[in-house]
Structures are given as structure tokens and as C-alpha cells.
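Let's walk through this one from the whole chain down to a single residue. Have a look at the fold before reading on.

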Amino acid sequence: MSLSNPWFVVALVGIVGWFHLKLVADFLNLSRLGNDVPEVMKDVVTPEDRERTIAYQSSVARLDVVEDGLTLAVTLGLWWSGAFGWLDARAASVGWGTIGNGLWLMGVLFAGSSVLGLPMDLWRTFGVETEFGFNNTSLRTFLMDRLKGLILAALLGLPLLALLLWLFEHSPLAALWSWLLVSVWGLLMTWLAPRFIMPLFHKFEPMPEGELRDAILKLAERLKFPVADISVIDGSRRSTKANAFFVGFGKTRRIALFDTLIQGHTTDEIVAVLAHEIGHAKLGHVPRQIILGLVLSGIMFALLHVGLHDQRLFSAFGVAHPSVAVGMVLFMIVYSPWSRLFDPLVSLLSRRHEFEADRFAAESVGSAAPLVSALKKLSHDHLAHLTPHPFYVWLHYSHPPLTERLSAMEKL
Ligand SMILES: [Zn+2]
């Protein structure tokens, strides 16, 4: 471990730099909480709402800063105590074969990070979200969700990891094969998630006959967008926060709406929100985002190839006897803060898509008004930051800030 090792320097600058960048963004964002309510929001935000928004956003920021600080401390602690070298040596003596030993190592690290993350999750759900009246999750549901998540991660993640480890043990072109494998796996997951994974956590029920269902079907027909079925998700069992949701590939689509969205909005508003989602599908946004994702993961695997073949990556973390598994873990520690450099690229694309989908929605329902009022309600109900700092937006927002979307729609 020394400053003459480029991996050591790149890891240190990445990990510590990313922490500080986020910290600066958090403080800049907090400093704008006291700003006046934007003119366009004055009709829905009362002075009390403003006070509650300030309190809520401050609590969320406090939690984020503590969480980031803990992550930094644990990462540096593991790194500088030599824990990775020790763990790798332990893994080598497990006796499950190279792949089995590798899975043991990754499993131990994953389990450890899940346990360490649990108090923060509890604080978020039963502290902050409960205090502001958003949380409807019982402790039982919360724990069951975590348990199901762990089982799913094991069932879906371990076979993939085993294949990746096998590839990197056996093939000089492992990075290329892994890239293809992970891409196919990702597509498979997008297909599996709404059909088999989400129903494990949420109840999907067919939307009852009535005005809303008719209005949605009429919109779909007008937009030549074949809908297979419309269901309602019991989001309210966990949170009062509303969300739209939209799934399906190919010829027929499934639309799923959170009950919380239905409760708080008029039929016109819900139809406009759906028109926005249909806009994403009609305008070909999904394939473009998938392609960008593929390019980024291709870059990652190419760099992983470089890392695994460079002894200095291992010595930067005090690992004397390199294995593929520990190499992958170390590489991800080095790479993940730097991968955030691509975030602005990803959000640039997604911001453009949001504006396009907003315009599509306004044109399909003949007016921007229902989407405008739905977005204002959502922002109000979620106690969203009304005047986020541009640096924070640049770093974290996948969607344009509300005021930008509203003023773009005003011009339509
Ligand atoms: Zn959107």
C-alpha cells in the first residue's frame, strides 16, 4: 500500500473525493431550502407546507450525510486494517473449490454490508418517514421485505456470480463473455421483475370497472397502444407516497398503478401521468437507455479485465494471494465512485426524455394542465425540495426539477 501504486491513488481519490463531492452538494442544497416558494407552486404550497418541507428535507439530508460518513469509515477501515487480505486468505481455506471459495468471500461481504445497512434503513423508514407521516410499513412487513430480498439476491445473484467467476478463471476473453452474459441477465430481470419479483412484495389486483378504467383504455386506444391488463398495486401498505408504474414488452403492455396515485388524483390527472409513461414507450426511450447502459457496462468490464491482470490492484489493498473473487470486489470498490462520472451523461439523456414525454402527454390529452397539476400535487405530497441547487441536481437528479418541467410545459 503506497502512493507509488496507481490503484492505491485512484481508489483513495475516488472514495474520499466522491464523499466530499456529495457532502458539498448536500450543503449547497440545504442552503437553498429557505428560498421563497416558486411563483408556480404558490397555489399548492402553504406557509405550513413550506415549514414541513424544510424540516423533512433537513432530516433526509442528515440521514444521507451520516450514511455516507459510515460507508466511508467502514470502507477505509476495512482497507487500512488489511481486512481484505485476511478475508481472502480465509476464503482460500474454506475448501469449496475456487468458485465456491469466491462465492463464500462475496457472500460474507454482502451479508456484512446488509447487516451494517440495516440500522440506517430502520432509521429512514421508522424514523424520518414515520415522523412525517409517509410510512405505513409495519416492522413485520419491513423485515419480511429484507428477508425476501436476501433470498432473491442469493437465488438470482449466486448463479450469475458463479458463472462470472468461472469465466474469469477459464477464458482469456472473460470480460467480453461476462459483458454479454450480464446484458442478457439484465434483460431477463426486466422481464422477470414485474411478473414474478414485484408480486412477491406487492399485491396486484385488476382495476375495477369504472370511469378511470374506461378513460385509460380510451387513451390507450387513441394512442394505438395495446394494453393487456390494468392493475392496481397496494403501495399504500408501505408508504403514502404515490407512484405510477408501467411494464411490458412487445405487442401488449401491462399498466400498473399504485393505489396511492389513484387516491390522490383526478381521472384527468392520472390519464395525463399515464400518457407521459406511454410517451416514454412510444418515443423509443427505453431502447436508448438500454443501449447507453450496455456501453457503460462494456467500459466497466474492459476495465475489470485490466484490473484483474494487474498485481498492483491487489497489493493496493494488502492482498498477497490474489483470487478472481477478491479482485472483482476490489475493482468494484475502486470503480464505483469513478463510475459516477457517467451519471451526468445518463441524466442528460433521461432529462431530455422527460421533457419529450411531458410534451407527448400534453399533446395526447390536448392540454398540459392535468399533467401540470398532477406533478404539482406529487411534489407537494412528497414534500419535495422546491428549489434544489443546480450542483445537487447535476449530481443526483434523473428527472429535471419540477419548476423546469412546469416552465417547459407553459411554453407548449
Ligand atoms: Zn418520465
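This is a predicted model: local features need pLDDT of at least 70, side-chain atom pairs count only at pLDDT 80 or more; totals for chains, interfaces and linings use all residues.

Residues are numbered from 1 along each chain as its sequence is written, and side-chain values use heavy atoms, with hydrogens and water left out.

The chain has 16 helices and four strands, taken as DSSP runs (H or I, at least four residues, for helices; E, at least two, for strands) and numbered from the N terminus. Its radius of gyration is 23 Å, close to the 22 Å that the globule rule gives for 412 residues, so the chain is as compact as a globular protein of that length. That radius is taken over C-alpha atoms, and the rule is 2.2 Å times the number of residues to the power 0.38. Along the principal axes, the C-alpha atoms fill a box of roughly 65 × 50 × 40 Å.

How much of the chain is buried? Of the 412 residues, 43% are, where buried means under 20% relative accessible area, with a 1.4 Å probe and protein chains only. As for contacts (heavy atoms within 4.5 Å), 76% of those between residues at least 6 apart in sequence join residues at least 24 apart.

Now zoom in on S231, which sits in strand β2 (residues 227–233). S231 counts as buried because its relative accessibility is 5%. Beyond its neighbours within four places in sequence, S231 touches F204, E205, P206 and M207, along with I255, A256 and L257.

Terms used: Buried means under 20% relative accessible area, exposed over 50%, partly exposed in between (1.4 Å probe, protein chains only).
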